[in-house]
Amino acid sequence: MNEENLIDKNIFRLISYGVYIVTCQDTKKVGCVINTLTQVSGTQNPIITISLNKNNYTNEVIRKTKKFAVSILAESMNPQVIKTFGFSSSREQDKFESVSYEEVEGIPVLNEQVCGYLLCELVDIVETETHDLFVARVVRSTVLNDLKPMTYQYYHDVVKGSAPKSAPSYVEEAITTSQDQEVWVCEVCGYVHYGPIEEGFTCPRCGVDQSHFQKQS
Ligand SMILES: Cc1cc2nc3c(=O)[nH]c(=O)nc-3n(C[C@H](O)[C@H](O)[C@H](O)COP(=O)(O)O)c2cc1C
């Protein structure tokens, strides 16, 4: 517990979430992993919210296009797809070249190891310091199969996945070291590497190269 600000970050691991991929499209197909989807109102007036980091390209594109889809990931989803959509940006990478998807009303929606999808129209944006809350109306929804949806807890406990610094649920890894040991921290996912970094090293957790590692003093 951090006594200065009275926030025990572990409390956020006790809140239940799913794991989703939010997708949208302007000049290219864009998308990212989120866990922060909440249903706000019922099936007669279906409103949801999602929280998106201000630096995420998906945030920028939904602001412009006002339309997005949410694919609900099944437990059987390939962890590599979560890595691609959750640890790299659509600014630099075409995330869709390695996944199976179809287009629904001009928006790409994943169609393998996905339980179903929602198509949403933006209603409002509530700004907070680091993340914005996108309030949206569900205009179409489809259940694709009876696969089991992945929970955030399943992602951590069974898939052994993690979240990058840009995710609201990110929890910093504690550094334990003796003074003569080099310590490097990945600026994308917070992975801590002990010892020197060799040429060609890549992050075992999120896959970025050594230029994204910062040496701790
Ligand atoms: C399990 C998991 C959960 C995540 N949850 C969120 C989230 O709720 N909101 C968010 O902004 N980013 C979240 N992220 C991080 C984004 O997916 C990540 O920053 C992504 O690279 C953004 O891509 P973009 O720049 O193409 O939008 C999550 C990542 C993972 C792996």
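Biologist: Which residue in E11 stands opposite Val-183?

Modeller: Tyr-194 in E11. This is a predicted model, where local features need pLDDT of at least 70, side-chain atom pairs count only at pLDDT 80 or more, and totals for chains, interfaces and linings use all residues. Residues are numbered from 1 along each chain as its sequence is written, and side-chain values use heavy atoms, without hydrogens and water.

Biologist: How many bridges join E10 to E11?

Modeller: 3 bridges, between antiparallel strands, with E10 covering residues 183-186. Strands are DSSP runs of E, at least two residues, numbered from the N terminus, and two strands pair if DSSP finds at least two bridges between them.

Biologist: What is the strand order in that sheet?

Modeller: E11-E10-E12, an open sheet of 3 strands with antiparallel pairing. Strand E11 (192-194) and strand E12 (213-215) are the edges, each pairing on one side only.

Biologist: Switching to E4, why is it largely enclosed?

Modeller: Because 7 of the 7 residues of E4 (residues 47-53) are buried, meaning under 20% relative accessible area with a 1.4 Å probe, protein chains only.

Biologist: Which residues are on each side?

Modeller: Ile-47, Thr-49, Ser-51 and Asn-53 are on one side, and Ile-48, Ile-50 and Leu-52 on the other. In a regular strand, side chains alternate between the two faces of the sheet.

Biologist: What does E4 form with E3?

Modeller: A hairpin, with 5 residues between the two strands. E3 (residues 37-41) pairs with E4 in the antiparallel sense over 4 bridges, and Thr-38 stands opposite Thr-49.

Biologist: And how many bridges join E4 to E9?

Modeller: 7, again antiparallel, with E9 spanning residues 131-143. The bridge partner of Asn-53 in E9 is His-131.

Terms used: Buried means under 20% relative accessible area, exposed over 50%, partly exposed in between (1.4 Å probe, protein chains only).
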